Structure formats: C-alpha cells, structure tokens
Amino acid sequence: MSMTITEKILAASAGKTKVEPGDIIDAKIDCIMCHDVTTPAAISMLREKGIDKVFDKEKIVVTPDHFQPAKDIKSAELHKRLDTWAREKGIKHYYKIGAAGVCHALLPEQGHIRPGEVIIGGDSHTCTYGAFAAFSTGIGSTDLAAAIATGTLWFRVPASIKFVLNGKLSKGVYSKDVILAVIAKIGTDGALYKAMEFVGPTLKEMTMEARMTITNMAIEAGAKNGIIGFDEITKKYLDGRVKGKKEYTVYESDKDAKYEQTVKIDCSKLEPIVALPSLPSGGKPIGDCAGMKMDQSYIGSCTNGRIEDLRIAAAIMKGKKVAIRTIIVPATPQIWKQAMDEGLFDIFYAAGCVISAPTCGACLGGFMGILAAGEKCVSTTNRNFVGRMGSPKSEVYLASPATAAASAIEGKLADCRKYM
Amino acid sequence: MAKAHTYKRDHINTDEIIPARYLNTDNMAELATHCMEDLDTEFVKKCKTGDCIVAGDDFGCGSSREHAVWALQGAKVGAVIAKSFARIFYRNCINCGFYPIELDGATEKINTGDEIEIDYKKGVINNKTQKKEIKFKPLPDFAIEIVNDGGLLEHIKKSR
C-alpha cells in the first residue's frame with residue numbers, strides 16, 4: 001500500500017504498518033520543544049492535576065525566546081517558572097539566556113531535529129522542522145502537558161497536498177517569496193488540517209535555511225505540517241550536528257501515494273512578493289506595491305532571522321544608510337556571533353540599524369520594536385494580523401530580508417533587485 | 001438565556017481573540033479582560049455568562065496560544081459557533097473543555113442578540129428568537145467525553 005512521507009512517519013510512530021488520512025493514531029513523540037509563553041501554563045496544569053512527571057528528560061528541549069531577555073515583571077515570572085521546572089526535572093537540553101534563541105532557529109542549529117521523527121512544540125510555527133523530512137506540528141499548553149507527562153499524543157492523520165516547485169528563482173527572489181506566493185494562491189485556510197508536502201527542482205537549489213522559511217509558514221495556510229523530503233543538502237546540514245542518537249530513518253513518499261490535490265508553481269516567474277495587511281495571504285508582486293511609505297523595517301524571527309538572511313540584508317545595505325527605523329534580530333547566539341565575525345554588524349551599524357539580542361521580540365508585538373497607531377512596518381516575519389506587532393491601528397507588510405533591506409534604505413516598499 | 005454575538009468575518013485570529021501583548025500572563029481572569037479586544041473593544045462589556053460567539057470560516061487561526069481559549073472561558077463565553085475552525089484552536093478548545101461548534105452558514109442562521117440554546121450531544125441549536133431549530137454535526141464521542149471531563153488532563157487522570 002502506498003503512503004506519503006507524512007503518513008509513513010505517523011504510521012511508524014504509532015507502531016503501525018499502514019495509516020490513511022482520517023485515522024486517529026497515538027503517536028510516540030521523539031522531541032518536545034518548550035518555550036516561555038506556553039510551557040509555564042503546561043507545567044502549572046501538570047502540578048495542579050498531580051501528574052507532575054516528565055516522560056523523558058532527554059527528549060525535551062527548553063529555550064525561553066518570546067519575551068527573552070525578560071521584557072517586564074510578568075514575563076520574568078514566566079521565565080522563573082520555566083527555569084525552576086527545567087532545573088528541578090533535570091531537563092538535559094535547557095538553553096538558558098546566553099545560549100537561548102528563537103526556538104525554531106535554535107533546535108535545528110543545535111542538532112535536535114532528526115528526519116523521520118515526530119516533533120511537537122507549544123508554538124504554531126513548530127511546523128518549521130518539517131524541512132528535515134520530519135513530522136512536526138504546533139500544539140497548545142494542554143497537549144503539551146499531556147505529551148510531557150506521557151510521551152504520546154493523539155493525531156488525526158492528515159491528507160496531503162503536494163506542491164511542486166519548478167523553475168529557477170530569478171535574482172532577488174527567495175524562498176520567502178515562494179511561500180508567500182503559495183499562501184496567496186491557496187489562502188490562509190487553503191491547507192486547513194492538511195499536510196503540505198513540497199517537492200520539485202527549485203528546492204534542490206535551496207539551503208536548509210531557505211527551506212525552513214517555507215515549512216515555517218505552512219501554518220499560515222492552516223496546515224497541520226509542512227514537509228520536505230531528505231536529500232544531500234539535508235544530510236550535509238545534519239552531519240556532525242545531530243545531538244544524542246546519531247541514526248535516523250529516512251522516509252520517502254511512494255510514487256503512487258495519494259494526494260488530495262497537486263499544486264504546481266513555476267518559481268522562475270515569481271517576483272519579490274509583499275503580503276499586504278492583514279493576512280499572510282495578501283501577497284502582491286513588488287511592482288504593485290512599491291513606493292508605499294513605511295515607518296520601520298524588521299529583519300529577524302523564526303522565518304528569516306538566520307545567518308543567510310542577515311547576509312542577504314547586509315549585502316544590500318552595504319555602504320548605504322537606512323531611511324527608517326531598522327531592527328536586526330539574529331535568531332540565535334550562534335547566528336549573532338557569526339554575523340559579528342563576518343562583519344555584518346559593521347555594515348548594519350554604519351547603515352544606521354539597531355541590532356538586538358536573539359528574541360521573538362516585536363514579531364508578535366512583544367517588545368524591541370513595537371508599532372504605534374498608524375505606523376507601517378515591512379517585516380521578514382510570518383504574520384501580519386491586525387495588531388500583530390503593536391497597535392491594532394498599525395500595519396505589517398511581510399517580505400523577504402532583501403525586500404525589507406531595500407525598503408529600509410528607501411523608507412518605502414522597494415524592489416530589492418535595484419540593489420543587486 | 002445565552003445570547004449570540006455574531007461577527008460576519010472569516011479568519012478571526014488568535015491575535016484578535018487575545019493580543020500577544022497580554023501573553024506575559026496565563027491568568028484566566030486577567031486574560032478575560034482583554035478577550036476579543038482587537039476585534040471589538042466592547043465585547044467584554046457586552047458578553048454575559050454563557051453567551052456565544054458566532055463567526056465565519058477559519059476561526060482561531062494563527063498562534064497555538066491556548067490563552068485564546070482561556071480568555072474566552074474567562075469571559076464566560078459558552079461556546080464558539082463558526083463555519084470552520086483553525087486546527088490548533090479547535091484542538092485546544094476540546095482540551096480545555098470548551099465547545100467549538102462547526103456550523104455551515106453560522107452567521108446567516110444566527111444574528112447578534114438571538115437567544116439560543118444548545119444541545120451539544122444531539123447537535124441542535126434552538127434559536128429561540130427566530131423560532132428555528134438548527135442542526136449541526138456534534139463532536140465525536142471521544143471529544144465530548146474529554147469536554148465533559150473538563151478537558152484532556154482530567155480525562156487522562158480519570159482514565160488511568
């Protein structure tokens with residue numbers, strides 16, 4: 001019987017030889033991601049119910065990120081609860097401040113993601129890890145509590161939609177533009193409850209960093225998970241990086257696996273895209289929106305705060321000055337160090353940007369770059385909902401690091417290709 | 001008697017239900033004071049115990065924050081009736097012992113101010129104002145069990 005990669009991983013996790021979309025299974029969890037917003041509540045719930053047990057202290061990865069370093073007293077209390085618990089339970093992989101980073105950049109970087117595994121996290125963008133041929137999905141605090149205690153969780157096996165990415169990306173067009181184009185095409189509920197499986201030659205020219213930008217935003221189309229098959233690029237990223245158990249299982253979709261739908265995208269025809277407020281599906285080619293005045297440019301987050309993103313932004317800003325507030329947020333301490341060593345900070349500094357510590361920060365309207373009423377921000381993040389980065393009367397325009405950098409220089413939405 | 005608050009909108013997201021600026025707490029009573037704030041600043045004042053929110057497609061899309069459900073529960077919302085729900089929000093509702101009701105054409109069938117009564121097990125909404133009985137597909141039995149036990153953790157505790 002033929003299966004997709006998602007079905008194969010879920011079947012194996014439930015000890016079954018075959019599953020079909022719609023089946024309810026009990027999956028064994030291989031890795032749990034815990035951060036400062038949703039985990040403290042899970043911990044309290046477990047305490048309250050008297051089921052204060054951790055299923056495996058080596059399979060839980062903890063990093064504060066949303067409000068770290070603590071932005072106020074209340075978030076400091078959240079961090080304290082997380083810290084006390086992580087120490088008390090002897091969580092092996094606990095990234096304290098200094099080592100902490102934006103979870104979805106940190107876990108792959110630190111080698112916690114293995115192909116073929118089932119990974120969950122108390123964060124909707126946990127779907128990022130699907131770039132490594134793993135099944136990964138976001139859950140709320142109660143599911144998190146249940147998984148922390150039992151190491152299992154029920155899932156309904158999702159039907160899969162196949163996205164075939166064809167064609168070479170032209171200069172100035174990146175994986176961010178690809179995923180914004182996909183979401184613009186199918187809508188924010190276009191893949192509701194489904195697996196989004198990405199295949200095709202365009203992926204072969206993308207680094208793991210670029211691929212993670214694509215799977216990161218699967219949730220913005222309503223998907224349960226996003227997934228990309230294993231290849232040499234995946235292997236190269238993982239070699240020497242994987243922590244703990246070195247072996248992993250590589251699953252591939254069968255040639256005759258069933259898909260609910262196949263969507264083909266000719267990536268060679270794509271232009272830089274900006275998702276206009278207030279849904280990630282608001283993508284328009286830069287030609288349709290260039291010139292719109294901005295107040296801030298934000299380059300960071302689990303979508304586009306990796307070293308490659310910072311290099312792209314720096315290449316555009318080199319020798320230029322920014323016209324608006326521009327905030328650079330390296331997603332992890334390692335990326336921060338690397339950017340500094342490569343001289344990117346010098347470029348950002350000279351251009352007039354501010355560089356932040358690794359944090360989710362303003363992406364979700366936390367801190368480090370909140371918008372006032374009436375302000376507009378071009379941002380490399382993943383959501384442009386009403387009030388997402390501050391005042392409900394502010395606006396967020398989602399774009400690639402290149403577009404955000406070019407727009408920072410001009411103070412308005414700008415075509416990054418002019419600077420290449 | 002429970003009243004309906006109808007929002008003829010699709011994609012009402014978790015940032016509207018509970019803005020992230022309030023996520024520095026997980027205290028239900030505190031979250032409740034900001035429930036639906038970025039969509040309707042008057043909501044908390046208008047909502048009486050047991051009232052229901054009625055909306056279009058993809059209710060609860062966005063973040064995995066269970067705080068969205070807690071804010072609704074804290075504001076004493078009885079249930080959300082929507083054309084469809086985002087996946088994580090739907091699951092969070094059940095896990096918290098809160099009813100998500102999927103109803104085709106919800107915003108056409110129930111208006112703001114309508115008095116309604118819901119039979120969750122049978123899958124019937126009695127719209128007393130319009131004197132109409134509206135059928136919906138009830139939650140699967142295992143989900144109703146979780147909701148009735150008061151959420152997933154109570155359910156796990158009971159079934160051990």
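User: What is the relative accessible area of Arg383(A)?
Analyst: This is a predicted model: local features need pLDDT of at least 70, side-chain atom pairs count only at pLDDT 80 or more, and totals for chains, interfaces and linings use all residues. Residues are numbered from 1 along each chain as written, chains are lettered from A and ligands numbered from 1 in written order, and side-chain values use heavy atoms, without hydrogens and water. Buried means under 20% relative accessible area, exposed over 50%, partly exposed in between (1.4 Å probe, protein chains only). Arg383(A) is buried, at 1%.

User: Which residue forms a salt bridge with Arg383(A)?
Analyst: A salt bridge puts a side-chain nitrogen of Lys or Arg within 4 Å of a carboxyl oxygen of Asp or Glu. Here the closest N and O atoms are 3.0 Å apart.

User: Which residue of chain A does Arg91(B) pair with in a salt bridge?
Analyst: The closest N and O atoms are 2.6 Å apart. Arg91(B) is buried, at 6% relative accessible area.

User: How many residues of chain B are in contact with chain A?
Analyst: Contact means heavy atoms within 4.5 Å. Chain A contributes 47 residues. Chain B contributes 40.
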